[in-house]
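Here's a quick tour of a few spots worth a look in this model. Have the viewer open and follow along.

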Amino acid sequence: MMQRALFRRIAQVAQQTAALDGSVVARSAPLVQRQERPMSSVTIPPPACMLRPLEAPLRYLFGPGPSNVPPRILAAGGRPIIGHLHPEMYEIMNDIKKGIQYAFQTENNMTIAMSGSGHAAMECAVFNTVEPGENVVIAINGIWGERVAEIAERMGANVHRMVKSPGGYFSNKEIEQVIEKHKPVLFFLTHGESSAGLCHPVDGIGDICRKHDCLFLVDTVASLGAAPIFMDQQNIDILYTGSQKALNAPPGTAPISFNERACQKMFNRKNKPVSYLFDMTHLSNYWGCDEKPARVYHHTGPVSGFFALRESLAILAERGLEASWKKHKEVAAYLYRGLEDLGLKLFIPDRDLRLPSVTTIAIPEGYDWRELLMYIMKNHQIEMTGGLGPSIGMVMRIGLMGYNCEKHNADMALHALADALKNCKKSKA
Ligand code: PMP
């Protein structure tokens with residue numbers, strides 16, 4: 001199978017990368033030999049685990065992320081490091097900025113990648129645009145709204161929660177009513193609610209926020225590249241994503257963009273943001289977005305992570321956003337049919353609201369979802385997951401994103417599920 005050959009290739013690249021690293025080779029010498037060391041002044045000996053070679057199994061990552069990283073991106077991340085302040089690195093960062101502008105469909109100058117996972121972007125967005133004591137409204141229909149509400153509360157904002165059960169969605173009318181009532185400086189919405197498998201409609205909400213002088217912040221960590229989003233056209237003021245989902249880069253970098261309205265607010269604060277690392281006055285300089293002639297040291301960016309992110313954005317640019325959205329929709333539709341043929345029920349009844357990258361299945365009656373997932377991992381080396389936060393115990397999740405978004409992977413997932421349903425039969429009953 002083509003996919004299996006590709007996975008073998010990933011293993012080869014991983015081995016070659018390890019072989020380039022002399023220390024890994026040295027560590028694979030017999031343990032006894034390596035423990036015969038002369039008397040030492042240190043009182044804490046090297047831990048035995050550190051004298052064994054690194055082991056990381058090869059798995060099919062069909063959960064909500066991270067997704068498998070294709071050889072081309074692994075190879076980019078494995079290239080020799082250059083200095084984070086070298087001119088060549090600035091060029092690479094400039095390319096990343098352009099790649100993000102394409103992926104987000106924005107012309108915003110203030111477009112960067114965070115050194116950190118999706119949470120870094122969540123914190124950066126809130127810390128910079130909200131000041132203590134200001135009102136924010138957070139739409140919660142799964143875990144991600146809950147997280148952003150907690151982040152905003154920790155930095156002293158007055159948080160107003162709009163809550164629906166996982167998979168629920170908010171009408172524009174409901175959103176406007178709450179915004180009118182609380183007059184927030186920021187409204188948060190998750191586009192791809194990966195804990196529930198919902199892709200929330202976005203049209204019209206940016207206009208409502210503008211009308212009420214409120215910034216519109218959108219999380220696309222699980223949806224970017226899989227479902228359409230148009231930052232500029234949809235009047236989204238702040239948008240962020242993660243590297244490890246449909247972009248297929250390793251976890252650890254997170255694209256984020258701020259438009260003029262967001263810049264106005266965040267660069268005219270009374271007080272500095274609580275985080276030095278995530279302060280956009282420094283980050284905008286590091287990324288060459290502040291018009292200053294020189295970029296100065298702020299922190300050491302994850303050079304390998306940026307190489308890999310650049311490659312993943314290059315793949316998306318080559319493929320084209322529309323083709324990527326179409327592919328995710330088609331493979332998801334194929335998966336839905338297969339799941340229904342197995343007698344399973346999709347958690348989000350309205351097909352138009354389903355997130356194409358992460359499909360949620362209602363837990364089949366009489367089964368223990370943990371047992372099903374463990375069976376699949378043990379017997380098929382496939383990761384699928386249960387719910388997260390409020391959706392725990394409600395759903396099982398299958399993610400087929402980016403590189404993994406192929407019909408033959410859907411077939412593998414369906415085959416593994418069918419096998420698990422047969423062999424873990426009604427264990428709860
Ligand atoms: N938002 C959404 C929608 C997510 O799916 C995730 C990751 N599962 C995050 C935010 C957080 O990203 P990270 O785990 O990279 O910090």
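Predicted model: local features only at pLDDT ≥ 70, side-chain atom pairs only at ≥ 80, totals over all residues.

## The second largest pocket

Helix 13 supplies the largest share of the lining of the second largest pocket, 5 residues; helices here are DSSP runs of H or I with at least four residues, strands are E runs of at least two, and both are numbered from the N terminus. This pocket comes to about 430 Å³. Of its 20 lining residues, C199, P228, K329, D352 and R354 are the closest to the centre. By class, the lining has 12 nonpolar, 3 polar and 5 charged residues, where Ala, Val, Leu, Ile, Met, Phe, Trp, Tyr, Cys and Pro count as nonpolar, Asp, Glu, Lys and Arg as charged, and the others, Gly among them, as polar.

Numbering runs from 1 along each chain as its sequence is written, and side-chain values use heavy atoms, with hydrogens and water left out.

Pockets and cavities come from a 1 Å grid over the protein atoms alone: a cavity is a set of points where a 1.4 Å probe fits but cannot get out, a pocket is an open set with protein on both sides within 12 Å along at least five of seven lines, and lining residues have an atom within 4 Å of a point. Points are joined across faces, edges and corners, and a volume is the space filled by probe spheres set on them.

## The cavity

How many cavities of 30 Å³ or more are there? The count comes to 1. The largest cavity holds about 30 Å³ of space, and helix 13 (residues 321-341) gives the most to its lining, with 4 residues. Among the lining residues are H328, V331, P356 and C405. The lining splits into 6 nonpolar, 3 polar and no charged residues.

## Around the ligand

The residues around the ligand (a heavy atom within 4 Å) include W144, T190 and Q244. By class, this shell has 3 nonpolar, 7 polar and 2 charged residues.

A side-chain N or O atom of D219 is 2.7 Å from a ligand nitrogen, and a polar side-chain atom of K245 also lies 2.7 Å from a nitrogen atom of the ligand. A backbone N or O atom of G118 sits 2.9 Å from a ligand oxygen.

An open sheet of 3 strands runs 11-14-13, with antiparallel pairing. Strand 11 (358-362) and strand 13 (385-386) are at the edges with a single partner each, so one side of each has no neighbour in the sheet. Pairing takes at least two DSSP bridges; strands 11 and 14 (residues 395-399) have 5.

Technical notes
Polar contact = N/O pair within 3.5 Å; in protein donor to acceptor, adjacent residues only side chain to side chain.
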